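Please look over the sequence and the structure shown here before reading on. The report that comes after them is meant to be read with both in view.

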Amino acid sequence: MPKTEIHPSAAARAYEARALVLQGGGALGAYQAGVYEGLNEAGIELTDLAGISIGALNAAIIAGNPAERRVERLHAFWNTICQPYIGPAANPMVEHSLFQINDLARQFLGAVHAGSALMVGQKGFFRPRFPPAALAAALDPASVGHYDTRPLKDTLESLCDFDRINDSGLHVSVGAVNVRTGNFVYFDNRRTRLQPEHFMASGALPPAFPAIEIDGEYYWDGGLVSNTPLSRVLEQNLARDTLVFQVDLWSARGPVPRSLSEVGDRIQDIRYSSRTRMVTDQMQTYRKMQRLLREVLDRVPAKQRTGDAACRQAAELACGKRSNIIHLIYRDKPYEQHFRDYQFGLATMREHWATGLQDIRNTLAHPRYLAMPDNVAGFVTHDVHRDEIEEGMK
């Protein structure tokens with residue numbers, strides 16, 4: 001008889017923790033919104049949500065709304081911030097038609113939108129500071145930035161229910177950097193009540209955006225230290241079987257640059273990819289050690305396990321739980337340039353969104369990706385793009 005395939009939602013429920021981890025990347029974050037739409041349509045319910053920078057803002061929209069309204073609110077957020085702060089947006093149908101002409105037309109439109117973001121800002125997100133901060137010898141730390149992000153607070157408050165973020169049971173954490181100490185911190189709804197400022201702090205990238213004050217301290221974008229909150233989610237769930245959808249906007253792997261413009265692109269990729277593979281390699285080693293300790297302790301008589309101090313300490317580390325990391329990475333298009341993270345055009349945004357949606361649909365079409373790990377380490381990673389490349393090389 002043919003083997004019955006398990007629906008993705010049922011396969012995901014086999015895990016005690018189901019996390020969505022969102023990296024920073026500015027305008028590229030629409031890709032993450034597309035990924036979430038695909039998870040939502042597959043009926044995969046999350047228990048944990050972590051983000052940095054634009055990933056934190058997407059996390060706020062997701063966590064701040066009931067499941068049936070999250071995709072709608074994500075659309076509202078992205079359709080808002082992809083319009084210029086001053087003046088009308090380009091006609092979506094005309095822009096889409098121009099966008100489809102060729103790569104040169106796409107580059108031109110991208111440059112226009114990036115220039116618009118620099119000159120006039122983005123609606124519901126940020127606006128140029130006037131008078132410019134550069135003209136002042138000293139300012140309040142909350143004003144030291146080229147742009148004013150107060151419009152973002154209004155947007156978050158209009159689209160998010162912060163009582164829901166804090167009380168719904170979904171574990172939410174966002175990363176930022178304490179400007180005074182240089183320490184990386186996570187704002188966690190299990191430790192504090194999250195407000196718009198916590199999410200804004202995670203995305204306060206200097207020198208464009210000013211630091212955000214929270215309880216007398218000032219915070220900048222978490223991507224300055226670590227752009228990927230994967231380790232946070234894994235460490236929080238060491239005692240649970242965990243499924244993680246890790247959504248990266250920068251690829252650590254890429255071609256060697258052949259021009260100065262390509263050098264800029266490659267620098268961004270390397271700087272903001274945040275060594276996701278290093279984190280997964282370290283966690284795989286740790287999970288393997290936990291499982292081996294568990295197996296060794298199971299061979300020790302119960303009386304000795306409870307009476308021996310070393311065995312008791314080992315038991316605190318030992319664990320038979322498993323982790324499955326499904327890695328989705330946005331792949332740059334040939335026509336995208338170094339300003340792709342602040343290229344807030346509606347046509348570009350919709351393409352990013354559609355790419356994320358298609359990538360997660362392709363990923364969930366592989367039932368084995370969601371299977372509980374059965375290897376020695378109890379830890380696996382999957383990347384549909386990498387698997388497609390490796391399959392093509394056979």
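This is a predicted model: local features need pLDDT of at least 70, side-chain atom pairs count only at pLDDT 80 or more; totals for chains, interfaces and linings use all residues.

## Helix H2 against H15

Helix H2 (residues 30-41) packs against helix H15 (residues 346-364) at an angle of about 40°, the two axes being 6 Å apart.

On the H2 side the contact includes Ala 30, Tyr 31, Ala 33, Gly 34 and Glu 37, and on the H15 side it includes Met 349, His 352, Trp 353, Ile 360 and Arg 361. Sorted by class, the residues of this contact are ten nonpolar, five polar and four charged.

## Helix H2 against H4

H2 also meets H4, with axes that come within 10 Å and cross at roughly 165°. This angle makes H2 roughly antiparallel to H4, since the cut-off for that description is over 145 degrees. The crossing of H2 past H4 is left-handed.

Here Ala 30, Ala 33, Tyr 36, Glu 37 and Asn 40 of H2 meet Arg 70, Val 71, Leu 74, His 75 and Trp 78 of H4. The class count for this contact is six nonpolar, two polar and two charged residues.

## Helix H3 against H4

Helix H3 (residues 54-63) packs with helix H4 (residues 70-81) at an angle of about 135°, and their axes are 9 Å apart. H3 is therefore oblique to H4, and the crossing of these two helices is right-handed.

The contact is formed by Ile 54, Leu 57, Asn 58, Ile 61 and Ile 62 from H3, together with Arg 70, Arg 73, Leu 74, Phe 77 and Trp 78 from H4. Seven of the contact residues of H3 with H4 are nonpolar, one is polar and two are charged.

## The S5–S6 hairpin

Strand S5 (residues 171-178) and strand S6 (residues 184-188) run antiparallel and are joined by five bridges. Within this pairing, Ala 176 stands opposite Val 185 in S6. The hairpin has five residues between its strands, and Gly 182 takes a positive phi near 80° there.

Conventions. Residues are numbered from 1 along each chain as its sequence is written. Side-chain values use heavy atoms; hydrogens and water are left out. Axes are lines fitted to C-alpha atoms, for helices over the stretch in contact, and angles run from 0 to 180 degrees between N-to-C directions. Helices (H or I, at least four residues) and strands (E, at least two) are DSSP runs, numbered from the N terminus. Angles under 35 degrees count as roughly parallel, over 145 as roughly antiparallel, 65 to 115 as roughly perpendicular and the rest as oblique. A crossing is left-handed if the near helix is turned anticlockwise from the far one by less than a right angle, and right-handed if clockwise. Contact means heavy atoms within 4.5 Å. Ala, Val, Leu, Ile, Met, Phe, Trp, Tyr, Cys and Pro count as nonpolar, Asp, Glu, Lys and Arg as charged, and the others, Gly among them, as polar. Two strands pair if DSSP finds at least two bridges between them.
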